[in-house]
Amino acid sequence: MTQTRDYDNIPGTYVYDSERGRIGYALNMFCMSLNKADNRKAFKSDEAVYLDRFKLTAEQRRTVLERDWLGMLKVGGNIYYTIKIAFCDGLTFQDVAGMMSGVSKETYAKMMLAGGRSPDGNRYKPAAAAAEKE
Amino acid sequence: MARIVAGIACSHVPAIGVAMDKGQTGTAYWRPLFDGYQPAREWLANLAPDVAIIVYNDHASAFSLEIIPTFLLGVAERFPIADEGFGPRPVPEVEGHPKLAWQLAESLILDEFDMTIANEMPVDHGLTVPLSVTCGRPAAWPFKVIPLCVNVVQYPPPTGARCFKLGKAIAKAVRAFPENLRVVVYGTGGMSHQLQGERAGLINRQFDTAFLDKLTRDPLSLTKISHTEYMREAGSEGVEMVMWHVMRGALDDDAAEVYRHYHVPASNTAAGLMILENRSAA
């Protein structure tokens with residue numbers, strides 16, 4: 001990050017700010033192309049070839065081909081864009097949310113039915129939480 | 001003259017639209033949510049407004065990262081339904097109100113809100129889900145719609161305070177319109193939710209309840225909530241609630257709450273609905 005942000009200490013959160021906007025543009029514009037049915041078909045028929053149309057970094061390509069949803073966010077993916085790959089795969093927002101948070105679909109669905117993830121203990125990263133107490 | 005008669009705050013979760021489109025609203029999962037929408041539908045049918053100004057955000061549908069307008073007004077005659085990656089929703093096209101929309105554009109810009117103007121754009125679930133929630137599944141939407149997009153996808157969105165002031169400027173512009181129109185304003189998005197990262201699924205009922213409680217009587221205190229506070233307390237996508245402030249600002253200071261509904265979960269989200277009426281319109 002080029003500068004410290006007061007939201008950097010929120011755990012498990014990738015704010016789509018100027019830094020991510022700068023590194024993620026090509027990746028997200030690839031995702032945007034999937035709004036067109038013809039492009040969805042071309043992508044599904046040969047993903048690697050389709051990705052050649054976009055100037056992705058090697059790591060961005062890997063995250064897409066391996067469906068590393070969390071990895072995509074770390075290399076500048078924006079969730080409203082990367083979710084379009086998931087739609088192509090027939091997945092829902094909730095499926096992907098479960099995968100990003102590292103639990104099974106069933107466990108995630110159960111957590112949501114029970115009222116969702118509590119903010120308690122999830123407001124600050126551990127180190128930041130400790131610093132906050134001092 | 002035209003006048004704003006009511007405001008509707010409404011979450012715009014895509015899965016709510018999918019549930020309606022697939023006829024799943026009676027399932028054990030969805031029924032508690034949709035039961036709470038019924039009184040709002042009856043209220044709105046009875047109110048029968050002429051035009052709705054719907055404040056929402058586009059989700060990589062009409063606009064990509066290519067151009068990112070902070071505030072945008074749709075002035076078209078018609079707005080087609082966007083393909084968001086799984087085909088367009090099977091809902092009617094949205095009819096605009098170009099005369100009032102252009103009046104808004106001129107008035108807002110001269111009032112120092114530098115609006116982007118769109119003559120052509122498709123509309124996505126951010127706009128159509130609140131219509132579906134409050135109107136059901138009609139063959140045609142029962143009123144004209146003016147889309148007003150707010151960027152909340154690329155950080156930073158406009159502040160809550162700025163959005164509230166935009167609402168005030170909208171009210172002024174509507175009052176200056178010579179035709180006798182009854183207008184409602186929708187503020188959409190929220191409530192607490194996080195769709196991304198390891199922290200996905202965050203819901204904060206306490207935050208949401210306090211927000212709903214203050215929206216009517218103490219909206220100015222809510223306009224002071226920073227983006228970081230929204231993200232920390234209400235999830236990274238909870239910041240969408242800045243759009244509710246546009247609606248609240250457009251209503252009279254002494255507007256009255258007439259209905260609310262809150263339900264967890266709608267997919268990953270806490271779904272909220274609140275209706276405010278201007279006393280002057282009663």
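Hi everyone, let me start with what I mean by buried: a residue is buried if 20 or more other C-beta atoms lie within 10 Å of its own, exposed if 12 or fewer, and partly exposed in between, with C-beta atoms placed from the backbone. Helices (H or I, at least four residues) and strands (E, at least two) are DSSP runs, numbered from the N terminus.

This is a predicted model, where local features need pLDDT of at least 70 and side-chain atom pairs count only at pLDDT 80 or more, while totals for chains, interfaces and linings use all residues. Residues are numbered from 1 along each chain as its sequence is written, and chains are lettered from A and ligands numbered from 1 in the order in which they are written.

Let's begin with helix α5 of chain B, residues 125-135. Of its 11 residues, 10 are buried, so the helix is largely enclosed by the rest of the structure. The buried ones are B:H125, B:G126, B:L127, B:T128, B:V129, B:P130, B:L131, B:S132, B:V133 and B:T134.

What does B:L44 touch, leaving aside its neighbours within four places in sequence? It is in contact with B:T134 and B:C135, where contact means that the C-beta atoms, placed from the backbone, lie within 7 Å. B:L44 sits in helix α3 (residues 38-47) of chain B, and it counts as buried because it has 21 C-beta neighbours inside 10 Å. Along the chain, B:L44 and B:C135 are 91 residues apart, yet 7.5 Å separates their C-alpha atoms.

Now the sheet. In chain B, 8 strands form an open, mixed sheet in the order β6-β3-β7-β2-β8-β1-β10-β9; two strands pair if DSSP finds at least two bridges between them. At the edges are β6 (116-118) and β9, each with a single partner strand, so one side of each has no neighbour in the sheet. From one strand to the next, the twist averages 20 degrees.

Take β1(B), where 6 of 8 residues are buried. It runs parallel to β8(B), joined by 7 bridges, with B:I4 opposite B:V183. With β10(B) it runs antiparallel through 5 bridges, and there B:I8 has B:I275 as its bridge partner. Further out, 8 bridges join β9(B) to β10(B), again antiparallel, and B:R260 is partnered with B:M274.

Helices pack here too. α6(B) lies across β1, β2, β3, β7 and β8 of chain B, at about 150 degrees to β1(B). Angles run from 0 to 180 degrees between N-to-C directions, and axes are lines fitted to C-alpha atoms, for helices over the stretch in contact.

How do α4(B) and α6(B) cross? Their axes come within 9 Å and cross at roughly 125 degrees. They are therefore oblique to each other: under 35 degrees counts as roughly parallel, over 145 as roughly antiparallel, 65 to 115 as roughly perpendicular, and the rest as oblique. B:Q103, B:L104, B:S107 and B:L108 of α4(B) meet B:A169, B:I170, B:K172 and B:A173 of α6(B).

Finally, the partner chain: 33 residues of chain B are in contact with 41 residues of chain A. On the chain B side, α9 (227-234) and β9 (256-266) each supply at least two residues, and α9(B) gives the most, with 4 residues.

Note on methods: Two residues are in contact if their C-beta atoms, placed from the backbone, lie within 7 Å.
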